[in-house]
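Colleague: I would like to learn how to read a model such as this one, feature by feature. Could you take me through it slowly?

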Amino acid sequence: MTIEAQESRRAALLVAPALIWTAAFFILPFGAMIWLSLSSMQGRAIMPGPDFGNYIRIFTDPSLRQGLWNSLQITLAVTVISVVLAWPLAWIIAMRVPARWQRLALLLAVLPFWTSYVVRSYAWLLVLGQNGVLNKALTGLGLAAAPLEIVATRGATLGGFVHFFVMLLTLTIYANLIQLSSNYARAAADLGAGTFATFRHVILPLTLPGVMTGAFLTFVLCIGDYITPQILGGNNELTLPQLIMLQLGRRGDFPMASALSILLMAVVTLAYAACARWLRMERL
Amino acid sequence: MTAKAPLRLALTSALALATGLPAAAQELNALIWCDHADPALLEPFEAAHGVKVNVKEYEGTAAGLAILDQSQPGDWDVMVIDGVDVGRAVDLGLLAPLPADQLPTADFFPALVMPENNSRDGVTYAVTEKFGYNTIAYDKSKVDPADMADMAMLTSGKYDGRIAIYDYYLPVLGLVGLSQGVATADLGAEALAGLKDPLMKLKAASKLVGDVVSSQTALATGEVDVLVGGGEWLTAVLAAENPNLDWTIPAQGGLRWSQSIAVLAGSTQPDLALEFVKYITGPEGQARLATSSCYWGMPANAKAGDVLTPEQKAVLRWDEQPDFIARSQLYPVPDAALDTAMQDLWTEMLQN
């Protein structure tokens with residue numbers, strides 16, 4: 001056996017565990033889910049396909065189509081709002097908070113991660129409810145004549161999501177900002193750039209990898225969550241994950257649940273492709 | 001001592017410990033509703049029989065049947081099932097016959113024996129264990145209790161934005177049907193089409209649609225004042241904290257839910273499964289099940305009244321049951337096509 005052949009065989013052996021792992025725990029289950037999504041229910045029996053009826057129904061049934069639309073609207077709004085709020089917060093922590101306090105500031109930033117989605121959502125109910133802290137404060141201070149209707153609205157869902165994802169994005173943007181040399185800003189100033197021009201043409205572009213990484217994580221986690229819309233949104237509009245849970249938990253319709261899950265994965269894959277293209281990740 | 005001595009000592013100790021322990025405990029696998037997951041209910045049975053009861057919660061008969069479909073025969077020993085769906089499970093050959101003479105049905109409230117649900121051709125396949133009502137629950141300090149006696153008041157505009165709907169299509173569609181004069185037994189495809197407008201009108205007057213926890217929280221925190229589909233199963237656990245929470249059966253009627261317990265046909269330990277059924281339907285098991293931490297409900301066995309405290313019986317409105325039973329109807333029993341149509345309508349309501 002030549003040396004090249006030996007090295008090739010060694011490389012294959014080294015890669016094999018990862019390939020087997022990926023095949024066993026991703027490719028095979030994914031294939032099974034695709035197969036199931038192309039099946040159909042007849043009574044309680046799953047009839048093998050290929051049958052594209054589930055996919056056709058997703059785009060023709062107004063309730064299912066609206067679920068996809070709701071998910072996209074909520075996720076995009078949460079991602080944009082979270083980025084807009086997180087960037088200045090990360091900048092303040094990285095640039096304005098003294099180094100010895102930064103660790104504490106970051107600790108405070110990640111505090112929401114210490115509780116579960118469910119606990120956090122129910123905690124928000126106590127803040128935003130008719131008799132919640134916010135309404136008590138507003139009516140107590142005379143800023144509102146009557147308690148505001150916040151719970152069981154899309155606004156409450158967005159608020160619950162944004163609270164969580166601002167913290168996530170703050171971390172990824174902070175990690176980017178802290179690595180920036182102050183020489184960039186000095187060089188820009190030497191070349192005559194004002195504060196805004198330095199931000200617009202130097203600082204912001206350099207933090208885009210952190211922004212896009214955080215935005216992608218926000219997108220993925222937000223579009224897959226069914227708990228927050230259910231608890232804070234009052235179940236008044238259904239998102240894709242809620243529809244998947246309905247198929248599984250109530251209808252026992254595994255083929256439709258699989259088709260909706262494949263659609264969800266397709267949306268996430270598209271978001272990833274857009275992110276990768278934006279960051280030109282193929283060059284990294 | 002050699003280098004291997006500590007290892008040998010550890011192995012010997014482990015072996016001695018292992019042989020000193022009792023044999024691996026027998027396990028009973030139960031497909032249940034959340035009230036059966038209460039350790040206070042399971043522990044006396046586990047201690048008495050030296051077994052471990054493994055439970056899996058499910059919601060809705062379709063989901064329960066789907067779990068059985070995905071399982072091997074023998075994976076599950078007992079199943080809690082909606083009283084009106086026992087017949088479906090019998091048709092599918094899922095349930096094992098029960099020895100009627102060993103069940104305490106003679107001590108049951110007569111209307112809750114329900115042989116029309118639990119038996120087929122004289123053979124008993126399940127036994128009722130708990131019942132209650134899906135009707136109108138409310139905070140009597142916030143609404144006029146007289147209004148709650150008429151379902152039409154809910155969509156009159158007076159309570160707009162103060163109503164929650166319990167997120168379970170069968171009882172709420174049944175209630176909406178009753179409000180339109182459709183008895184649950186007559187709720188077919190044609191009648192269902194007529195319920196769309198009143199259901200959407202109810203949704204428009206409502207603030208949220210919630211599962212057990214969400215609707216309970218909404219009522220308890222004052223987010224809403226009325227819960228359509230609520231009843232003692234939802235207000236009872238909150239009675240101590242908020243005595244203003246109440247419920248009534250309106251003039252149009254309410255729905256009576258009942259749950260049954262059965263032994264599965266493929267069980268590999270039918271005797272132990274039967275013992276579990278007998279425990280659950282006996283006075284002590286019934287009292288514990290009635291006051292389960294997940295939700296309360298009336299025990300089918302009237303002798304549970306000897307075990308329940310006067311306070312617990314007052315919360316359950318023990319003495320008023322004859323009137324409540326007379327004024328309530330059983331859940332609709334849809335076939336597969338009607339069930340799908342009902343769920344489609346329900347999804348449309350949620351999405352609007």
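Modeller: Let us begin with what is meant by a helix: helices are DSSP runs of H or I with at least four residues, numbered from the N terminus. In this predicted model, A:Thr170 has its place in helix α7 of chain A, which covers residues 154-177.

Colleague: Which residues is A:Thr170 in contact with, once its neighbours within four places in sequence are left aside?

Modeller: The contacts of A:Thr170 are then A:Ala86, A:Leu89, A:Ala90 and A:Ala109. Sequence and space can be compared for a pair as well: A:Thr170 and A:Gln66 are 104 residues apart in sequence, and their C-alpha atoms are 31 Å apart in space.

Colleague: How many residues does the largest nonpolar core have?

Modeller: As a general idea, nonpolar side chains tend to be buried together in soluble globular proteins. Here the largest nonpolar core has 151 residues, and B:Val78, B:Val226, B:Val228 and B:Ala262 are those with the most contacts inside it. Helix α7(A) gives the most to this core, with 13 residues. Domain 1 and domain 2 of chain B both give residues to this core, so the core lies between them. As for B:Val228, not counting residues up to four places away in sequence, this residue touches B:Ile136, B:Leu154, B:Ile163, B:Ile165, B:Tyr166, B:Val172, B:Leu175 and B:Leu202.

Colleague: How many residues of chain B are in contact with chain A?

Modeller: In general, the size of an interface is often given as the accessible area lost when the parts come together, but a list of contacting residues can also be read. In this model, 24 residues of chain B are in contact with 23 residues of chain A. On the side of chain B that touches chain A, at least two residues each are supplied by α3 (61-70), β8 (206-210), α9 (212-220) and α15 (336-351) of chain B, and α15(B) gives the most, with six residues. The residues of this side of chain B divide into eight nonpolar, ten polar and six charged.

Colleague: What ipTM does the predictor give the complex, and what is the mean pLDDT of chain B?

Modeller: The predictor gives the complex an ipTM of 0.84 and a pTM of 0.81. For chain B the mean pLDDT is 90, with 93% of the residues reaching 70 or more. Over residues 1-24 of chain B, however, the pLDDT is below 50, and this stretch has zero contacts in the model beyond near neighbours in sequence.

Colleague: What span should a helix such as α11 of chain B have?

Modeller: The expected span is 1.5 Å times one less than the number of residues. The twelve residues of α11(B), 270-281, should therefore span 16 Å, and the end C-alpha atoms are 16 Å apart, which agrees. Within α11(B), the buried residues include B:Leu272, B:Phe276 and B:Ile280. Helix α4 of chain A, residues 99-110, should also span 16 Å with its twelve residues, and its end C-alpha atoms are 17 Å apart, which agrees. Helix α4(A) is hardly covered, with one buried residue among its twelve.

Note on methods:
Residues numbered from 1 in each chain as written. Chains lettered and ligands numbered in written order. Predicted model: local features only at pLDDT ≥ 70, side-chain atom pairs only at ≥ 80, totals over all residues. Contact = placed C-beta atoms within 7 Å. Nonpolar A, V, L, I, M, F, W, Y, C, P; charged D, E, K, R; others polar. pLDDT = per-residue confidence, 0-100. Core = buried A, V, L, I, M, F, W, Y, C linked by C-beta atoms within 7 Å. Buried ≥ 20, exposed ≤ 12 C-beta atoms within 10 Å, placed from the backbone. Domains from an automatic or database assignment.
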